[in-house]
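Hi,

Here is the structure we talked about handing over. Please load it first, then read the notes below it.

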Amino acid sequence: MLKQENKTEVIVVGAGAAGIACAITLARAGKQVVLIERGLFAGSKNVFGGAIYTAAVKEIFPEFEANAPLERRNIEHNYAILGEAESTTITYRKNDNSSYSVIRAKFDRWMAEEARKAGVYIVEETVVRELIKEKNRIIGVKTELEDYYADIVVLADGVNSLLAKQIGLRKEIDTKDVALSVKEVIKLDKETINQRFNIKDDEGSIVEIFGGPMLGMLGLGFMYTNTDSVTIGLGITLNELVEANYRPFEILEKLKSHSSIAPLIEGGELKEYSAHLIPEGGYKKIPKLVDNGVMVVGDAAMLVNNLHWEGTNLAMISGKLAAETAIEAIDNNDFSKKMLAGYEKRLKNSFVLKDMKTYKGLFEVAHQRKKALFSYYLKKVNAFFEMFTSSDGVPKKEHYHKFIKSIFTDRKISELFKDAWAILRLLWSILL
Amino acid sequence: MNIDKKLYTLKYSPDTQSHLKPDKEQCRLCESRNCTFICPAKVYEWSEEKQELIVNYENCLECGACRIACERKAIDWEYPKGTKGVTFKQG
């Protein structure tokens, strides 16, 4: 039935975190696997914020901390709320190794090289244009040059996943369900970074930014430290940008010039500007994950935990679990949807879908209470500290009374109750 | 810093044909022209003179935002050929 030339056991489309994790797991189990990447090399089309998570990477590469091209070990998380010309920051610091900043073009390339060493056949500079279907089953892929056939095709083709859409595993993406992210990598010398971020040696710092030029929009900013560069970027839900008629890079320019941010990147030289979409639809927007002969992993499966800024870890674990399912399928010579549903089951039993489910109500609340969560309360945090730190001869009691009064005059009491109710319901859904 | 300077930091290998094909008739009728401001590389510009959408596809970062944001779903969007398009050296 299947053509024998160009036939392998598994084809993985896309050499990102999910695709490589999947391919290497298969190769280590002695399965034939072809990994097809559209870029010049693995990582050349990939963009992310900045951190990989140690626990997940270790599941695929147990020795990566000794071998992989890592930038800095993140020991500090800053949560900065920006006002017009002020900011409030909460810092959590711990000498830890739970995440590292990396440069994807280097890190993904390293992962791909490890995969190659494990026996994965990598085809670069090749775009998969279509999936080949025969008798209700996916049996291969069409590239620009030739067709390749396989028992199983794993779609790790990223957030746009035109392939998953093509075979009806998902519908067109809504502007509400993706964020557009733009970022810059800014060159600064190591010593300057260490001084400005209060770190030393290989230590790194992450800044998560609320408000500022994103005030009132469903969007956040981020900064990561690399060895000799700093990453700054932001992600804003696409529908917000569409409604507001904003150019994403102009908002980034505003963020860079904010009085609390500018000193951190002052004198730096732009190394690279980039942009990417982030899947933000959450649990309810996860596509169908399997069909006869096919599985979907990583960003293509919308596996991003937007509250905790996790994506590469969910991608890698989903790739691994798809590989484990593929191994079982190959051993049983059964590539049906029913057999591949084992992938979905494995995901459900892992933290990946458990976490996605925990936050299933989050984005809806964030959209509904946007003005409150991304504007009103952020402003109030800065207003509180402005009041608390002022020493202007006005009795403190008057300050307190004025501040408390402002909470109820700046926002309708009915809205405050709705906010509280929404937050309570959300907490309820998260914790129970 | 303007967008041209930002894009100057990128390595491109442009194709001779565009991988972005908006339906020009739909573009004429389109009111929002979201693509002209949503695109992080300013690929799309509306020419009043020609009454036509100009597509600077050589600058595309391949993010896919225009495809999703287009109110008429009128952009025939595909990835550039394997040897073409943008290469991120940082990412």
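Predicted model: local features only at pLDDT ≥ 70, side-chain atom pairs only at ≥ 80, totals over all residues.

**Confidence**

The model scores ipTM 0.97 and pTM 0.96. Chain B averages a pLDDT of 96. In that chain, 100% of the residues score at least 70.

**Helix α8 of chain A**

This helix spans residues 248-256. Its buried residues are A:P248, A:F249, A:I251, A:L252, A:L255 and A:K256. Seen down the axis of α8(A), they fall within an arc of 155 degrees, so they line one face of the helix.

What covers the buried residues of α8(A)? The cover includes β11 (178-187), β13 (219-225), β14 (229-237), α7 (238-244) and α9 (262-265) of chain A. It also includes α1 (3-7) of chain B.

**The α2–α3 loop of chain B**

Two residues to look at here are B:R33 and B:N34. B:N34 lies in the loop between α2 (24-29) and α3 (35-38) of chain B. B:R33 lies in that loop too.

Is B:N34 buried or exposed? B:N34 counts as buried, because 23 C-beta neighbours lie inside 10 Å and the cut-off is 20 or more. B:R33 is partly exposed, with 17 other C-beta atoms within 10 Å.

Leaving aside neighbours within four places in sequence, B:N34 is in contact with A:V242, B:A69, B:C70 and B:E71. B:N34 and B:C70 are 36 residues apart in sequence. In space they are 6.1 Å apart, C-alpha to C-alpha.

**Positive phi values**

Most residues other than glycine have a negative phi. B:R33 is not a glycine, yet has a positive phi of about 45 degrees. A:M302 is not a glycine either, and has a positive phi of about 60 degrees. A:M302 is found in the loop between β17 (294-296) and α10 (312-332) of chain A. With 26 C-beta neighbours inside 10 Å, A:M302 counts as buried.

Best wishes

Terms used
Residues numbered from 1 in each chain as written. Chains lettered and ligands numbered in written order. Helix = DSSP H or I, 4+ residues; strand = E, 2+ residues; numbered from the N terminus. Buried ≥ 20, exposed ≤ 12 C-beta atoms within 10 Å, placed from the backbone. Contact = placed C-beta atoms within 7 Å. Arc of directions from axis to C-beta. pLDDT = per-residue confidence, 0-100.
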